[in-house]
Amino acid sequence: MITYENVAKIFGSGPEAVTAIKNISFEIEKGNLVIFLGPSGCGKTTLLRLTNRLITLTRGTITVNGQDVMKADPVKLRQSMGYAIQQIGLFPNKTIADNISTVPRLLGWDRKKIQERVGELLAMVQLEPAAFRDRFPAELSGGQQQRIGVARCLAANPDILLMDEPFGAIDPINREEIQNEFLRLQRKLKKTIAFVTHDIHEAIKMGDKIAIFQDGNLVQYDKPEIILAQPKNQYIADFVGADRALKVLGLLRVEEVMDRNPSNVVDGKTSANEALKFLEDKGFRHLVVLRGGKAVGYIHPRQLKYETSPVQDLAIAYPVRVDEDMALRDVISFMLMHDMRVLAVMDGDGNFAGTVTYDQIQKRILEMYAGEDEKKPAKDQE
Amino acid sequence: MEVIHFMVNNAARCFQLTLEHLWIVGVACTLAILIGVPIGVAITRSKSLASKVLNTANIFMTTPSIALFGIMIPILSPLGYGLGQVPAIVALVLYSQLPIIRNTYVAIMNVPPELVDAGKGLGMSSWRRLREVEIPLAVPVIIAGLRTAAVMSIGIAAIAAYIGAGGLGVLIQQGIGRAYAPMILSGAILVSVLAIFVDGFMALLERLVTPKGIKVGRRMRHG
């Protein structure tokens with residue numbers, strides 16, 4: 001856990017003094033990944049560097065796991081936290097193994113333990129240990145180097161990681177991949193992370209919570225979906241972008257809106273006339289056709305007219321597979337592409353789990369944005 | 001022809017003087033590096049100190065050698081070392097300070113800031129950073145400074161014959177005294193050959209001390 005209490009940082013003194021951080025208080029709960037977000041010069045990196053005393057605090061208190069950082073030995077303090085930066089900063093004269101084991105060596109681990117740990121970490125960041133251990137940073141691609149940077153910051157298994165745009169130096173495709181890998185790791189490792197970025201997409205994707213800074217102030221500190229749905233002021237609304245409804249859809253999963261017991265379902269062996277009658281009685285516009293618990297497709301009344309065969313032979317297969325944990329943004333995208341307002345959802349075993357409709361998605365979005373005046377505004381930390 | 005004749009006839013003496021020359025330069029360079037590198041590292045911590053130290057070293061470097069040898073005499077005489085190898089070595093150490101201090105300083109200041117930041121942020125003490133990162137990266141540049149200093153010292157040491165330090169300058173000095181050109185030329189040629197040889201050796205050394213990771217990086221960049 002990291003707490004910031006009335007933290008202020010002033011660079012320089014006298015008339016040239018620059019206030020980088022005015023008066024910030026909030027806390028990062030244990031096991032959370034908190035994003036420090038804002039444009040350059042907003043104080044996010046300064047706050048990160050105050051945390052491990054790369055910069056000295058002017059006023060206020062920062063505690064890490066209950067310990068006041070200003071009372072700690074700076075070298076020991078830094079060794080107890082992982083540190084990764086945008087420029088990566090791998091030591092070019094050292095092998096990958098030596099780079100990764102920087103902190104364990106500082107802590108005096110024995111050689112065998114270090115070797116094992118290096119192998120473990122390389123595997124963790126998806127690089128073949130035998131192939132990379134003895135190579136030098138210059139022989140690695142940017143993406144591989146960034147992975148080594150992450151491995152190095154995890155090396156001594158610290159509870160707390162400080163990361164300053166750790167994936168900032170790589171191309172978008174590799175970045176996407178390394179972000180996903182890192183999230184997968186984080187779900188397992190549950191580190192307490194302060195993560196600086198200026199990229200709103202990265203913030204929404206990675207953050208358990210987002211702290212948005214402006215001119216040295218903390219403007220809003222909330223879960224990503226709340227920041228998107230209820231930006232506290234125009235500054236944040238502008239920062240998160242006009243497409244914030246779409247960004248919210250990127251955070252919501254199918255399982256949150258899907259209908260698990262739709263009534264417009266028909267067994268595949270049903271004959272066309274019966275199905276048509278069922279449709280017309282209930283007033284449905286279409287039916288989902290099931291066979292053995294799996295959705296084989298859908299049918300409209302016009303396909304059933306003058307037909308006698310079982311509906312499973314007439315059904316039109318769904319053009320895409322929708323899983324319960326899929327982001328609603330992807331689902332909306334499918335709906336737009338295939339001109340469909342309803343899609344069948346499958347569970348982990350590929351069995352029919354329910355349906356998701358355009359109307360349900362829209363309703364959910366409206367609820368979130370309508371909540372702006374009803375729901376209590378998100379708890380602020382001034 | 002006469003020059004070769006002279007060298008062959010005085011081979012033992014030439015060889016002995018060459019060794020003497022090499023000894024003076026070698027001792028001077030060793031001392032210079034032992035003094036210059038720590039100073040170069042120390043001044044990276046303070047900008048104002050750095051400019052003062054570099055300016056002082058500059059003054060020594062621009063003093064004409066014959067004048068510096070002259071100044072050595074009254075300063076070292078009370079200690080009993082006014083003439084001979086000691087003042088020569090002291091002067092050469094002073095001359096060598098600029099290239100060594102400056103190269104050390106520049107090399108360490110040029111260590112990429114992100115390496116310093118990463119080192120600090122991971123909890124390396126400044127001593128540890130110096131030992132594991134900054135010095136290894138600076139060593140090739142420091143050796144390049146030593147190379148300049150050594151080659152320059154070989155030339156200056158020839159003049160030290162005038163304060164009785166011995167070395168190949170003796171051939172030149174005595175040759176001038178006797179107005180015997182082959183002797184002067186022999187001295188000059190041997191000094192030049194020695195300089196070329198030492199320069200080559202230093203180039204080799206420079207390559208040897210370059211960290212492998214850096215060499216790999218250079219190879220990758222140049223295809």
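Mentor: Let us begin with a definition: contact means heavy atoms within 4.5 Å. Among contacts in chain B between residues at least 6 apart in sequence, 77% join residues at least 24 apart. Please note that this is a predicted model, in which local features need pLDDT of at least 70 and side-chain atom pairs count only at pLDDT 80 or more, while totals for chains, interfaces and linings use all residues. Residues are numbered from 1 along each chain as its sequence is written, chains are lettered from A and ligands numbered from 1 in the order in which they are written, and side-chain values use heavy atoms, with hydrogens and water left out.

Trainee: Why is B:Cys14 called buried?

Mentor: Buried means under 20% relative accessible area, exposed means over 50%, and partly exposed lies in between (1.4 Å probe, protein chains only). B:Cys14 has 6% relative accessibility, and therefore counts as buried. This residue belongs to helix α2 (residues 11-42) of chain B; helices (H or I, at least four residues) and strands (E, at least two) are DSSP runs, numbered from the N terminus. Beyond its neighbours within four places in sequence, B:Cys14 is in contact with B:Met7, B:Leu168, B:Leu171 and B:Leu190.

Trainee: Why does A:Glu181 count as buried?

Mentor: Its relative accessibility is 11%, so A:Glu181 counts as buried. A:Glu181 is placed in helix α8 (residues 172-189) of chain A. Its contacts, leaving aside neighbours within four places in sequence, are A:Val125, A:Gln126 and A:Arg147.

Trainee: What makes B:Arg218 partly exposed?

Mentor: The value for B:Arg218 is 40% relative accessibility, so the residue counts as partly exposed. B:Arg218 is found in helix α10 of chain B.

Trainee: Which residues gather in a patch of positive charge on the surface?

Mentor: They are B:Arg207, B:Lys212, B:Lys215, B:Arg218, B:Arg219 and B:Arg221. Lys and Arg count as positive and Asp and Glu as negative, whereas His and the chain ends are not counted. A patch is made of residues with over 30% relative accessible area and no salt bridge, like charges being joined within 9 Å and nonpolar side chains (Val, Leu, Ile, Met, Phe, Trp, Tyr) within 5 Å. A salt bridge is a side-chain nitrogen of Lys or Arg within 4 Å of a carboxyl oxygen of Asp or Glu. Helix α10 (residues 212-221) of chain B gives the most to the positive patch, with five residues.

Trainee: How many helices and strands has chain B?

Mentor: Chain B has 10 helices and zero strands. Buried residues make up 47% of its 223 residues.

How values were computed:
Areas by Shrake-Rupley, 256 points an atom, 1.4 Å probe, with all protein chains shown as cover. Charge placed at Lys NZ, Arg CZ, Asp CG, Glu CD.
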